[in-house]
Amino acid sequence: MSFQEKDEPIMVSAIEHYSYCPRQCALIHVEQTFDENLYTLRGRAVHENVDEEERHEREGVRFELSLPIWSERLGLVGKADLVEFHGKVPYPVEYKSGRQRAGEHENLQLCAQAICLEEMMGVAVEKGAVFWHSSRRRKEVVFTDEMRSRVREVVVEVRKMIAERLVPPPVNDARCGLCSLKGSCLPSVVGDRPRVRRAAGELFVVSD
Ligand code: SF4
């Protein structure tokens, strides 16, 4: 891992964004684009419910809401929506507003939270859970070695993308339909290379 002190830490959430779509990650973390829409409003409402730093205890399990987390080794910072403490062992729970999506995106973000908690607290964190608010479904995630390696790879890729201010081309597939940044990204326009070239050419046509 090549994080050095001169590098800026990256947000834990960037791992999920990058896994879902590298361009989405770049629009948020390189260009600071943020579009409010139904999905982000829902997401915000869900996170606001768990966004006050608080602690509770129920049946011997301590709960920390909105817990600041970090990893100096990987150069990560963020907040965990909810961390349950089963004895001394933290168990992160990530809240999502929508329904479960295909792919490993949420699992990677959760695994990155676990890596931060392990470094902060010096204990192994082997599992956590994702909770989908719309379906009220909670799924346990076991952090495998492959998942941990993928987190480390994504961190390196995101750091390079941010350092070089790269914005990848649109994926222009089914992912775009659920993406909060579709309005800024314009995937079907930007992804249509001939159309973009034609439009760029027309910029320099001088009419009489
Ligand atoms: S609209 Fe599509 S290409 Fe653009 S950021 Fe979203 S998922 Fe990526």
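Here are two exercises on this predicted model, each with a worked solution.

**Exercise 1. Describe how helices α1 and α5 pack, and say which residues make the contact.**

Step 1. Let's start with what we need: two packed helices are described by the angle between their axes and the distance between the axes.

Step 2. Find the pair: α1 covers residues 13-20 and α5 covers residues 145-163. Their angle is about 90 degrees, and the axes lie 10 Å apart.

Step 3. Now put a word to that angle. Angles of 65 to 115 degrees count as roughly perpendicular, so α1 is roughly perpendicular to α5.

Step 4. Who's touching whom? On the α1 side you'll find Ala14, Ile15 and Tyr18. From α5 come Val151, Val154, Val155, Glu157, Val158 and Met161.

Step 5. Sort these residues by class: the contact has 8 nonpolar, no polar and 1 charged residues.

**Exercise 2. Find the cavities of 30 Å³ or more, and work out what lines the largest cavity.**

Step 1. Rolling a probe the size of a water molecule over the atoms shows where empty space is left.

Step 2. Count: you get 1 cavity of 30 Å³ or more. The largest cavity has a volume of about 90 Å³.

Step 3. Check its lining, which has 14 residues. Closest to the centre are Cys21, Val171, Cys176, Cys179 and Cys185.

Step 4. Finish with the classes: the lining of the largest cavity splits into 10 nonpolar, 1 polar and 3 charged residues.

Methods: Residues numbered from 1 in each chain as written. Predicted model: local features only at pLDDT ≥ 70, side-chain atom pairs only at ≥ 80, totals over all residues. Heavy atoms only, no water. 1 Å grid on protein atoms, 1.4 Å probe; cavity = no way out; pocket = protein on both sides within 12 Å on 5 of 7 lines; lining within 4 Å. Points joined across faces, edges and corners; volume = space filled by probe spheres on them. Nonpolar A, V, L, I, M, F, W, Y, C, P; charged D, E, K, R; others polar. Axes fitted to C-alpha atoms, helices over the stretch in contact; angles between N-to-C directions. Helix = DSSP H or I, 4+ residues; strand = E, 2+ residues; numbered from the N terminus. Parallel < 35°, antiparallel > 145°, perpendicular 65-115°, else oblique. Contact = heavy atoms within 4.5 Å.
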